[in-house]
Amino acid sequence: MINEEMVSNLAQRKSIFSLKTIFIGIHIVIWGIVLFLPYYISSPPDFNIGPVPGLFFTLTGVVHVFIFYTNAYYLYPKFLNLKWWWFYFITVIALLVLSFQMKHAMLINWFPTVAKNVSLYKFIYPPSIGIFIASFIYRKVVNKINQEKSLKEQRAEKLASELKFLRSQINPHFLFNVLTNLVSLARKKSDKLEASLLMLSDLMRYMLYDSQNRKVFLQQEIEYLNSYIALQKLRFGDAVNIKYTIHRNEEIKKHQIEPMLLIPFVENAFKHGVGWIDAPQINIMLIVKDDVLTFEVSNQYDAELDINKDKDSGIGLTNVKTRLELLYSKHYNLEIKDKDNLFRIILILDLV
């Protein structure tokens, strides 16, 4: 079964392959220009650049390629460290001396007329040092880029691990609350128990399968809320006044959201807003407009009689706050009001 994570990994691999291809292509183009430019700027018929044949510049360009990549991909990464830094400088000197000898051998054996003109040597030997410096800078820049990329990947892995842990907290917390409700129905030998178990199976299917994706369609999350609220209505009947309003429009169908992001607020309302006050009422409202989701939940409670406000109280709210900060940082506003025994949350979430 292909989920969103598998698709994301495949897309990431394709992106890396594409970037590497572009990177290699840039190197080929640059060195192609360096090696073959002399033939475009030289004078026929012998392709000379002044007194120096174009072929000589191409051959020295091959030496420069050797210097560049030997330092950038072998000497620098292998020896430039606290242990071998001294050996790195020795190998660099040896590399430059070798390049001088290769150029000198080419001059003597293939271009003797150029070798006789000592004034041209300043255009022959110093470029080796310039190419080495360019290679050194290139390696440092590449290392810096790779380091930043590695840090981003580590942060992404840490984020994924934190989210995975937070999601793993949701299911036990949710099941604990729902099973507590079902135990209450079982004790009453209520005929609503069977319907409640069927609804619970639908909720668990969502938790086990749909919520494993990074995001789900908002419509799915709303259906999950519908099932949960319907389950609570079966349990409490007319004992609790539940006002549940969704302003449906086409925007709801197109947006996605982190799975099980809204349910903790509703769970909290049922946990603390029923059983300890007369005529309990829970208000739930959801609206999406201009790519912004507004979600409000409010409930009354009795601070003195509410025995659910124990040391484990608020796990769900703490969890969802952390997930909001990890996934929607600077793209959400969560307002929690607790005044005169009225608890109210207002979540405004940018869905784009």
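**Cores, loops and a surface patch**

Trainee: Does Asp-290 count as buried or exposed, at 60% relative accessibility?
Mentor: The model is predicted, and Asp-290 lies in its loop between S6 and S7. A residue is called exposed when its relative accessible area is over 50%. Asp-290 has 60% relative accessibility, so it counts as exposed.

Trainee: What phi does Asp-290 have, although it is not a glycine?
Mentor: Asp-290 sits in the loop that joins S6 to S7. Its phi is positive even though the residue is not a glycine, with a value of about 55 degrees.

Trainee: Where is the place of Lys-330?
Mentor: Lys-330 is another residue that is not a glycine and yet has a positive phi, about 70 degrees. Its relative accessible area is 80%, and therefore it is exposed. Its place is in the loop between H10 and strand S8 (332-339).

Trainee: How many residues of the largest nonpolar core come from H7?
Mentor: The largest nonpolar core has 42 residues, and Ile-257, Val-266, Leu-286, Leu-293 and Phe-295 have the most contacts inside it. Several elements supply at least two residues each, including H7, strand S4 (241-247) and helix H9 (263-273). The largest share comes from H7, and it amounts to 8 residues.

Trainee: What length does H7 reach from its first C-alpha to its last?
Mentor: H7 covers residues 218-236, which is 19 residues. Among its buried residues are Leu-218, Ile-222, Leu-225 and Ile-229.

Trainee: What accessible area do Leu-19, Ile-22, Ile-26, Ile-30 and Val-34 have together?
Mentor: Ile-30 lies in helix H1 (residues 4-41). Its relative accessibility is 46%, so it counts as partly exposed. Together with Leu-19, Ile-22, Ile-26 and Val-34, Ile-30 forms a nonpolar patch on the surface, and the accessible area of the five is about 440 Å².

Notes: Residues numbered from 1 in each chain as written. Predicted model: local features only at pLDDT ≥ 70, side-chain atom pairs only at ≥ 80, totals over all residues. Heavy atoms only, no water. Helix = DSSP H or I, 4+ residues; strand = E, 2+ residues; numbered from the N terminus. Expected span 1.5 Å × (residues − 1). Buried < 20%, exposed > 50% of the residue type's maximum accessible area, 1.4 Å probe, protein only. Core = buried A, V, L, I, M, F, W, Y, C linked by side-chain atoms within 4.5 Å. Patch = residues over 30% accessible without salt bridge, like charges linked within 9 Å, V, L, I, M, F, W, Y side chains within 5 Å. Areas by Shrake-Rupley, 256 points an atom, 1.4 Å probe, with all protein chains shown as cover. Salt bridge = Lys/Arg side-chain N within 4 Å of Asp/Glu carboxyl O.
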